[in-house]
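This report describes a ligand site, the pocket around it and selected backbone features. The structure is shown first.

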Amino acid sequence: MPDPTLDRLAERIRQRVRDVPDFPQPGILFKDLTPVLSDSELFSAVVRQLADDFSSHDIDLVVGIEARGFIFAAPVALHLGTGFAPVRKPGKLPYRTRRIEYALEYGSDALEAHVDAVQPGQRILLIDDVLATGGTALAAAQLLEQLGGRVVAAAFVLELAFLGGRNRLSAFPVHSLVKYTAG
Ligand code: AMP
């Protein structure tokens with residue numbers, strides 16, 4: 001059943017998201033969320049909604065994916081009363097790390113987390129700003145599982161549903177506030 005409160009929030013987000021063509025490379029339509037962040041009421045509503053959606057999931061730890069995932073994950077962690085941990089690009093974290101490499105359309109990339117970022121069995125909510133192909137979130141989830149955590153859900157503000165990223169994340173529920181069905 002459609003939830004009118006959620007629909008209203010989704011519509012407000014859609015109105016504020018700025019489409020930037022050909023960034024960071026030709027052919028990419030970049031979804032810029034900074035106009036959402038600069039609207040304190042809307043930013044707060046987004047964080048509250050993401051936290052409310054998982055308040056009954058016994059989350060122990062919220063993990064954000066570099067860099068825009070941090071912006072949403074940290075305040076959601078505060079709302080849920082959990083800790084926060086970052087998953088970052090290689091070479092950014094100061095302490096000992098575990099790394100996962102993953103394939104991109106052309107070439108590969110990698111993500112790292114501190115070896116002690118996760119306690120064994122912790123129930124993790126993974127957050128990023130945008131779900132596109134799902135490769136980044138899948139790699140982050142695998143990394144967290146290798147560290148002994150249990151990814152119980154992934155949440156995104158925006159989902160580029162036409163790219164099918166959700167299908168790659170079938171191991172846990174995937175939640176997004178706004179779904180784009182066409183690029
Ligand atoms: P993915 O293809 O799901 O692995 O997306 C990789 C990362 O790039 C995610 O962390 C997203 O934040 C970001 N991203 C991918 N496509 C876009 C887009 N069109 N607009 C903004 N961010 C994007």
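## Backbone features

Ala67 is placed in the loop between strand E3 (61-65) and helix H4 (68-80); helices (H or I, at least four residues) and strands (E, at least two) are DSSP runs, numbered from the N terminus. The peptide bond from Glu66 to Ala67 is cis, with omega near -10°. Most residues other than glycine have a negative phi, and most peptide bonds are trans.

## Basis of the model

The model is predicted: local features need pLDDT of at least 70, side-chain atom pairs count only at pLDDT 80 or more, and totals for chains, interfaces and linings use all residues. Residues are numbered from 1 along each chain as its sequence is written, and side-chain values use heavy atoms, with hydrogens and water left out.

## Ligand shell

The ligand is surrounded by 13 residues, the closest being Asp128, Asp129, Thr133, Gly134 and Thr136; a residue counts as near if one of its heavy atoms lies within 4 Å. At least two residues of this shell come from each of strand E2 (29-32), strand E7 (123-131) and helix H5 (135-146). By class, the shell has 5 nonpolar, 4 polar and 4 charged residues (nonpolar: Ala, Val, Leu, Ile, Met, Phe, Trp, Tyr, Cys and Pro; charged: Asp, Glu, Lys and Arg; polar: the others, Gly among them).

Polar contacts (pairs of N or O atoms within 3.5 Å) to oxygen atoms of the ligand include a side-chain N or O atom of Thr136 at 2.6 Å, a backbone N or O atom of Gly134 at 2.7 Å and a polar side-chain atom of Arg68 at 3.3 Å. The protein covers 81% of the 490 Å² of accessible area that the ligand has on its own (Shrake-Rupley method, 1.4 Å probe).

## The largest pocket

The ligand sits in the largest pocket, in the sense that more than half of its atoms lie within 2 Å of the grid points. A pocket is an open set of points on a 1 Å grid over the protein atoms alone, where a 1.4 Å probe fits, with protein on both sides within 12 Å along at least five of seven lines; lining residues have an atom within 4 Å of a point.

The lining comprises 38 residues, and Pro24, Ile28, Ala132, Thr133 and Thr136 lie nearest the centre. These 38 residues divide into 22 nonpolar, 7 polar and 9 charged. E7 gives the largest share, 4 residues.

How values were computed. A polar contact is a pair of N or O atoms within 3.5 Å; within protein, one must be able to donate a hydrogen and the other to accept it, and residues adjacent in sequence count only if both atoms are side-chain atoms.
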